[in-house]
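Good morning. I will go through one structure today, starting with the interface and then moving inside the chains. Please have a look at it first.

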There are 2 protein chains.
Amino acid sequence: MPTSSFPAPEPAETLTVMGAGLVGSLLSLFLARRGHTVEVYERRADMRLSGAVEGRSINLALSDRGWRALEGVGIGDEIRQVAIPMYRRVMHDAQGNLSYQPYGHDNQAIYSVSRAGLNRTLLSLAEANPRVRLQFNQQCLGIDTRARHMELRDTTTGEERQVNFRRLFGTDGAFSAVRSAMQKTERYNYSQSYLDYGYKELNIEPGPNGEWLLEKNALHIWPRGQYMMIALPNLDGSFNCTLFFPYEGEHSFAALQTPEQVQAFFEEVFPDVVPLMPELTDEYFRNPTGSLVTIRCFPWAFHDDVLLLGDASHAIVPFYGQGMNAGFEDCTVLDQLLEQFGPDWHRIFDEFQRRRKPDADAIADLAVYNFEEMRDRVGDPRFLLQKKIESKIAAQFPGHWTPLYSQVTFSHTPYAEAWQSGQAQEQIMRRLMPHIQTEADYDRPEVQALVAQEMADRP
Amino acid sequence: MPTSSFPAPEPAETLTVMGAGLVGSLLSLFLARRGHTVEVYERRADMRLSGAVEGRSINLALSDRGWRALEGVGIGDEIRQVAIPMYRRVMHDAQGNLSYQPYGHDNQAIYSVSRAGLNRTLLSLAEANPRVRLQFNQQCLGIDTRARHMELRDTTTGEERQVNFRRLFGTDGAFSAVRSAMQKTERYNYSQSYLDYGYKELNIEPGPNGEWLLEKNALHIWPRGQYMMIALPNLDGSFNCTLFFPYEGEHSFAALQTPEQVQAFFEEVFPDVVPLMPELTDEYFRNPTGSLVTIRCFPWAFHDDVLLLGDASHAIVPFYGQGMNAGFEDCTVLDQLLEQFGPDWHRIFDEFQRRRKPDADAIADLAVYNFEEMRDRVGDPRFLLQKKIESKIAAQFPGHWTPLYSQVTFSHTPYAEAWQSGQAQEQIMRRLMPHIQTEADYDRPEVQALVAQEMADRP
């Protein structure tokens, strides 16, 4: 067990974590490794005892920031065995023609993992740690941040009790009860912003021998301008699909009211996928329509008593595949601050929110931005050409040009810095692209001269 | 009475207004003029029976948008008699030296009015209208937007009752109960954002014969970079002052804890005003510290059942003097839509929010922007020179250049349009000003050539 081999220089405390989702269960492992006792409360039942069949739940794209955090508690290898690398985007047009865009260099990939599977693994690891105690079915009814206690209701017995805490970590997601208590403090900054789009989960069945009926090691996109569908591979040969679709309008959830309408619409706009979705109309009407919200707030800390992490402080839309990765990176950053400033919790909480807030804002903006790219621009040959030219620049000027996507996905560069650098590069591409009509144009002397000039002008 | 002389083509209804502040009482007059019966509920007691002495309450700056709305219900002249025109800003530096900046042309002014006095006048007009019924001490405990009823508590008797409504107008301010109900609807967009500054009300006494001890027809500013004080004239010779001050830091509310500290600080940074404030330290510690919030939300309408107006949908910080004016303009715009689309309430509510939301967002941004201008830039000679040059351009190109402040304050141009045009003009000034060191430079041929070029390039 990693716990015993890890130094715990600061005085051990009993810490409280509200929410045993992905971030909460990972955080409890980080805190336990530093010698603290961790009491974890979760509103829902223990998902290991019930719930979705493995491989059929929502999938997430794990990338470098997430991996680093998992490796921080020594479980990278374990997760890697159930993760499917996706090396490129595969775009499906309305005629079923395919085009391709690699995510990075040869071996760079994002990894499709089952959200439920990953959460179960993290819970089991937390439970096996003698310093962590998990309690499920614990609904938080209210928190007194000043008196440092909370009202919990056991949803199995209906019993209510008061629980005191010295330090409370709110990892209870986008609709956080801990944040609700923070929102009642004076001059609290808060925003919730919804897209006019919802999402619907659908499934692509495995082949008769459990084989993948689309390219396995890829993220599939059906970009259609104002809407799109994506698919991520599962271990059992199926794909988890998500339709991102306007709530209202000509092509929208509101416009598709009957199985016939759904079937006809899919046959028209996603013809290659319809034969792979035998349960399409059933699933469409059975599965709920999810909403897409961005939540921002500040402060994240209340003195040295309460700290929000993950979706509780920065819920984002899913289009950059960074929601979980950002929450996991919160754990890494907090752990670095524990190393640096422990046991000065006041400083740790304050540094955490000051350092992390600009990055959370940046990835929130990037996630909305990437929605436009995925639903619209990846279907545009000029856009794909630009991406190829960017790869050429990156190869020609190693260390001086990293595509925005790579900075976000395959580096630990703070999100805010990545976003700023990506915007500067986009400005350069806007000046270069009018001179470039084909990949070969890149090598023309006049284009090379322009590129050299742009690169010389970079700070 | 205006009611009888006004056409009421649409079928008369019974409408409900929650909140009898400035916007609610004015709105009830507009609705009654169109033949509707209006039930108005107000949480507070009738301010005409109690409360602040006339002329000593908070003052507001009434400008063209506000005047138009007051004239829309025929009470412009009545209010004009108790309004004090302010023709210019008077800046006081830390040595007590004065400098000046006119607000507009010779006769253009913003008007200092007593918030409480104006509200009382509007309440009396509403009460005198047979179609309006005012009920005070009515606290809204909750609203069911779908079932269209609300829980009201009479704060004098403690009695609670349910009140049905067909159409509810929420004019209950920044902490609106009607908006709270809207926030519980699905996918509601909402943000509250606080400045790190608070404000404190103070008073400058009248002279021994009731005379004004500072220039009467002006808005006074003590700009100090990171904070400022302002003063608006009252009818009784006093001035209503507001200190806008950081909550934390070297010069802040947190740093001034004793009467001696307050006295010493004011003597150092506002020396010319201290002799005019005999009750300074008493007032400083007696008056509460107010917070400064911007609230944005959307939608403002729930079907054709509920509509938010004024601060309930767009509370802004006070630095452009447009909070009340924007709320009053809401009434003008709604009245125009009632004229155009009555009795199609669905369309009226929808057009209202679609037309008005970008303007509300723009004035919210402008108000924060103007804080920086007032506390910092108005103390800078280069800034004042730029404003003089802008006046010269406006005079030389009539109809082709209107300073941003004038567009916001002395026109009915939609705020969003004014903001956009103001930003374009600011870009031009950034290009011109490096060539201009004195007012006389404007007439130099090379500067005139640059100006002519810039004006020719404008769309």
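Predicted model: local features only at pLDDT ≥ 70, side-chain atom pairs only at ≥ 80, totals over all residues.

Staying with the interface, the count of salt bridges between chain A and chain B is zero. On the side of chain A that touches chain B, the largest share comes from strand E13, residues 189-204 of chain A, with six residues. In terms of contacts, 10 residues of chain A meet 10 residues of chain B. The area buried between the two chains is about 1100 Å², and carbon and sulfur atoms give 47% of that area. Arg187(A), Gln192(A) and Tyr194(A) supply 52% of what chain A buries against chain B, more than any other three residues.

Next, the core. Nonpolar side chains tend to be buried together in soluble globular proteins. Here the largest nonpolar core has 148 residues. The residues with the most contacts inside that core are Met150(A), Phe169(A), Phe328(A), Phe169(B) and Phe328(B). Take Phe328(A) as an example: leaving out residues up to four places away in sequence, the residues that Phe328(A) touches include Leu22(A), Val23(A), Leu62(A), Gly66(A) and Leu118(A).

Now a strand in chain B. Is strand E7 of chain B, residues 110-114, largely enclosed or open? Five of its five residues are buried, so E7(B) is largely enclosed by the rest of the structure. In a regular strand, side chains alternate between the two faces of the sheet. For E7(B), one side carries Ile110(B), Ser112(B) and Ser114(B), the other Tyr111(B) and Val113(B), and all of these are buried. E7(B) pairs in the antiparallel sense with strand E3, residues 59-62 of chain B, over four bridges; there, Asn59(B) stands opposite Ser114(B). E7(B) also pairs in the antiparallel sense with strand E4, residues 84-86 of chain B, over three bridges, with Met86(B) opposite Ile110(B).

His149(B) sits in strand E10, residues 149-154 of chain B, and counts as buried because its relative accessibility is 18%. The side chain of His149(B) makes a polar contact with the side chain of Gln162(B), at 3.3 Å.

Last, salt bridges. Side chains of opposite charge can pair when their charged atoms come close. Over all chains, the structure holds 63 salt bridges. Asp305(B) forms one with Arg166(B), the closest N and O atoms being 2.8 Å apart. Both residues lie in loops of chain B, Asp305(B) between strands E18 and E19 and Arg166(B) between strands E11 and E12, so the pair ties together parts that are 139 residues apart in sequence. Asp305(B) is buried at 6% relative accessibility, while Arg166(B) is partly exposed at 31%.

A second bridge, at 3.3 Å from N to O, joins the side chains of Asp361(B) and Arg296(B). That pair links helix H11 and strand E17 of chain B, 65 residues apart.

In chain A, Glu351(A) and Arg355(A) meet at 3.8 Å, N to O. These two are four residues apart in helix H11 of chain A, which means about one helical turn separates them. Finally, Glu13(A), Arg148(A), Arg166(A), Arg167(A), Asp304(A) and Asp305(A) are linked in a network of salt bridges.

Definitions and conventions
Residues numbered from 1 in each chain as written. Chains lettered and ligands numbered in written order. Heavy atoms only, no water. Core = buried A, V, L, I, M, F, W, Y, C linked by side-chain atoms within 4.5 Å. Buried < 20%, exposed > 50% of the residue type's maximum accessible area, 1.4 Å probe, protein only. Contact = heavy atoms within 4.5 Å. Pairing = 2+ DSSP bridges. Buried area = accessible area lost by both parts, 1.4 Å probe. Salt bridge = Lys/Arg side-chain N within 4 Å of Asp/Glu carboxyl O. Polar contact = N/O pair within 3.5 Å; in protein donor to acceptor, adjacent residues only side chain to side chain.
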